[in-house]
Amino acid sequence: MAGGTWENMNKPVLPGLYMNFKAAADTAIQGGSRGTVVVPVKANWGPVREFVEIGSERAIGEVYSTDSLDGATAYQTLYMALLGGPKKLLAYRLADNTAATASVTLKNSADTPSDVLQLQAKYPGSRGNGFSVTIQPSLGDPSARELRLYEGAKLLGTYKGADGSAAAIAAQMNQDSDNVWVTAKVLGDGGIPADVSGAALSGGKSGNGGITNADYIAMQDAVEGQQFDVLALDYAADMALLQSFAAWVKRLRGEGRGVMAVFGGSSADDVSKDAVKLATARSLALNHEGIINVGTGVRLTGVDYSSAQTAAYVAGLVAGQRLNQSATYAVTPFEDVTRRWTRSEQEQAVRSGVFLFFFDGRQVKALRGINTLVNPAEGQNNAWKKIRSIRVMDAINADLQQAAEQTYIGKVNNTEEGRLALIGAVKEYLAQLSLSNVIEQNGYDVILDPAYYGDSAVNKPEPDQVFLQWNVKLTDVMEQLFGTFYVQ
């Protein structure tokens, strides 16, 4: 799928729909993402370097576990993302080369015991060290052996073989679709496992401690192969890593993919005396419509979350909203912020591209739905600073690109009739957006670009090229209300 932007003196080679978005007076055509959030995480359990869809808080514990030991970030990060309300949440577990699976080897009861059965955790991580097994004669059938698998005091499963052999127990464990914890392997000639009580698996290592910026950067290639809309990180990354992800987002957006990223700072930065300076510095360094920088931490059920952790919530919020919704004054489930910015600091945040939360005395709300764009580039205006505007732009681009590829590119002749059909289809699509108040009703038009068509055109298109000009008036939400009160 080719697409992206185009330049008059350097036209693309691949077939595709190439769109440039230019400011027109006080309005601009802009667009949106469709609901999928991607978050890298560190965990003590779960598949490594694989994408896993997480649909509920319970699923976090089932896939990764709920603890934050050994530097695990999965539960808190994914929980915050789910609170934001994305349509789809993808997690990607990172681990260094020390990651290892826990295991235990069981022996028979011969005079000279030998190994007969090995149990190995299905995933690397310290969680596997919490598994243990008990083997005893089966109740009602002393000739059979019964293996019970525990996590702590919780019974995970009971397995037994009619002949009491390691092979029978292993087969039952490995064929059980509900057994998502261990795999069994018969050793040597197998045999009858000896009775044991609480034999613990050991050797499990999570591989969280040695993860570096290079691991996160390597993840970019994997994420690029996924269909996603918003990405957040699971910790307060240094500026070098933030710049790497910012450059990656800019490249993807230049290739026609409407993706965004949300970052934040550490808990210490959020509450320090230099909190305003640090937050604004991040935005000024990133300065892009596809990057959102969260400047405040939040408190939820007595637990403080840094602005970096809160970035996952913002990613979910942005991805889950309809195109005619705005993040401005969005009500959150949080009970407070970790630092309350003053009125003048809030004004500085808005001017500097910092996404803030504030406590209004009753609720915690998002202050204004803005990204980090502080200095608009050529062809942009202040509308590019709004998250809603960018989401709408991305949605229009993605929808029309898909329609062009499915119906027009390589299928419709480049004749006047074909071009009129293309223009008519685009107008019909924009009409649907206007009915949802995403763009103004009767405030749009699509024509052949006069710079390429007509007697006065300087440039003439090639036989396989079509140049369109779009004129669209965006709608926005009310954010500032001004009134004059007259006293008689």
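This is a predicted model: local features need pLDDT of at least 70, side-chain atom pairs count only at pLDDT 80 or more; totals for chains, interfaces and linings use all residues.
## A three-stranded sheet

Three strands form an open sheet in the order β17-β16-β18, and their pairing is antiparallel. Strands β17 (303-305) and β18 (336-337) are the edge strands, each pairing on one side only. Three bridges join β16 (residues 298-300) to β17 in the antiparallel sense. Within this pairing, Arg-299 has Asp-304 of β17 as its bridge partner.

Helix α2 (residues 74-84) lies across β16 and β17, and runs at about 85 degrees to β17.

Helix α8 (residues 307-320) comprises 14 residues; from its first C-alpha to its last it reaches 19 Å, close to the 20 Å expected at 1.5 Å a residue. This helix α8 is mostly covered, with 13 of its 14 residues buried.

## Aromatic pairs and a charge over a ring

The whole structure contains 13 aromatic pairs. In one of them, the ring centres of Trp-45 and Tyr-123 are 5.2 Å apart with planes at 85 degrees, so the pair is edge-to-face. Trp-45 lies in the loop between β3 and β4 and Tyr-123 in the loop between β7 and β8, so the pair ties together parts 78 residues apart in sequence. Trp-45 is buried, at 1% relative accessible area, whereas Tyr-123 is partly exposed at 28%.

The rings of Phe-51 and Tyr-92 have centres 4.7 Å apart and planes at 45 degrees, so this pair is tilted. It links strand β4, which holds Phe-51, with strand β5, which holds Tyr-92.

Tyr-313, Phe-334, Phe-355 and Phe-357 make up one aromatic cluster. Elsewhere, Lys-42 lies over the face of Tyr-235, 4.7 Å from the ring centre.

Definitions and conventions:
Residues are numbered from 1 along each chain as its sequence is written. Side-chain values use heavy atoms; hydrogens and water are left out. Two strands pair if DSSP finds at least two bridges between them. Helices (H or I, at least four residues) and strands (E, at least two) are DSSP runs, numbered from the N terminus. Contact means heavy atoms within 4.5 Å. Axes are lines fitted to C-alpha atoms, for helices over the stretch in contact, and angles run from 0 to 180 degrees between N-to-C directions. The expected span of a helix is 1.5 Å times one less than its number of residues. Buried means under 20% relative accessible area, exposed over 50%, partly exposed in between (1.4 Å probe, protein chains only). Rings of Phe, Tyr and Trp (its six-membered ring) pair if their centres lie within 6.5 Å; planes under 30 degrees apart count as stacked, over 60 as edge-to-face and the rest as tilted. A charge sits over a ring if NZ of Lys or CZ of Arg is within 6 Å of the ring centre and within 35 degrees of the ring normal.
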